[in-house]
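Keep the sequence and the 3D view open side by side while you read.

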Amino acid sequence: NRQFGNHTTWVENQRDMVRRDRNHPSVILWSFCNEAGCVPEKDPAEMEIAKMFKDASNEADPFRPVTANMNGGIGNGLTNVVDVQGFSHRNGDVYDSFHAKYPEKPVVGSECCSCRTYRGEDVTVASRHVLTNFNADCNSEQNG
């Protein structure tokens with residue numbers, strides 16, 4: 001959903017999107033905001049708005065979890081509203097420190113993986129369940 005805020009139409013848009021797409025087997029979770037729009041801790045009233053978006057999603061599809069594609073405010077108020085913590089273009093150490101602090105909260109790379117955030121997987125190692133990085137140009141960019 002592109003519009004996050006205190007507007008009835010935007011909450012209805014979330015509900016309508018979930019109803020429309022809930023039968024797609026490729027949908028694994030719902031997101032109600034994107035990056036800069038995911039910082040409701042700036043205004044405590046916006047936490048209630050986040051709950052409205054989550055409730056609208058759960059009403060239309062009670063079976064899939066809700067996330068937010070966050071690139072700031074991770075671990076603050078919105079973390080307590082979403083079922084799965086979403087990360088936008090974060091390095092691996094951010095995931096690790098979040099997991100140490102919130103070991104029961106599932107996480108997802110909701111928007112990744114640019115050359116600056118991939119973990120350097122240059123070759124497939126089946127025994128470690130590692131697939132080759134798909135950004136072929138990253139190696140030259142990161143190695144000078």
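Strand 3 and strand 4 (107–111) are among the parts that cover the buried residues of helix 3. Some terms before we go on: helices (H or I, at least four residues) and strands (E, at least two) are DSSP runs, numbered from the N terminus. Buried means under 20% relative accessible area, exposed means over 50%, and partly exposed is in between (1.4 Å probe, protein chains only). Covering is a matter of contact, meaning heavy atoms within 4.5 Å. This is a predicted model, where local features need pLDDT of at least 70 and side-chain atom pairs count only at pLDDT 80 or more, while totals for chains, interfaces and linings use all residues. Residues are numbered from 1 along each chain as its sequence is written, and side-chain values use heavy atoms, with hydrogens and water left out.

So which residues of helix 3 are buried? They are Gly92, Tyr95 and Phe98. Looking down the axis of helix 3, you find its buried residues within an arc of 130°, so they line one face of the helix (the arc is that of the directions from the helix axis to the C-beta atoms).

Rings of Phe, Tyr and Trp (its six-membered ring) pair if their centres lie within 6.5 Å; planes under 30 degrees apart count as stacked, over 60 as edge-to-face and the rest as tilted. Since Phe87 lies in strand 3 (residues 84–88) and Phe98 in helix 3 (residues 92–101), the pair ties together parts that are eleven residues apart in sequence. Phe87 and Phe98 also belong to one aromatic cluster with Tyr95 and Tyr102.

How many aromatic pairs does the whole structure have? A search finds four. One of them joins Phe32 and Phe53: the ring centres are 5.9 Å apart and the planes stand at 35°, so this pair is tilted. Phe32 is in strand 1 and Phe53 in helix 2, so the pair links parts 21 residues apart in sequence. Phe32 has a relative accessible area of 0% and is buried; Phe53, also at 0%, counts as buried.

That brings us to helix 2. The buried residues of helix 2 are Met47, Ile49, Ala50, Phe53, Lys54, Ala56, Ser57 and Ala60. Their cover includes helix 1 (8–21), strand 1 and strand 2.

Now for the cores. A nonpolar core is a set of buried Ala, Val, Leu, Ile, Met, Phe, Trp, Tyr and Cys residues joined through side-chain atoms within 4.5 Å. The largest one here has 15 residues, of which Phe32, Cys33, Cys38, Ala68, Leu78 and Val81 touch the most other members. Strand 1 (30–34), helix 2 (44–60) and strand 2 (66–70) each supply at least two residues of this core, and helix 2 gives the most, with five. A second, separate core of five residues includes Met17, Val18, Val27 and Trp30.

Strand 2 also holds Thr67, which is buried at a relative accessible area of 1%. Setting aside residues up to four places away in sequence, Thr67 touches Leu29, Trp30, Ser31, Phe32, Val82, Val84, Gln85, Gly86 and Val108.

Is Glu35 buried, exposed or partly exposed? At 22% relative accessibility, Glu35 counts as partly exposed. You can find Glu35 in the loop between strand 1 and helix 2. Glu35 and Met70 are 35 residues apart in sequence, yet 4.7 Å apart in space, C-alpha to C-alpha.

Finally, step back to the protein chain as a whole. The chain has four helices and four strands, following the pattern α-β-α-β-β-α-β-α along the sequence. Buried residues make up 37% of its 144 residues.
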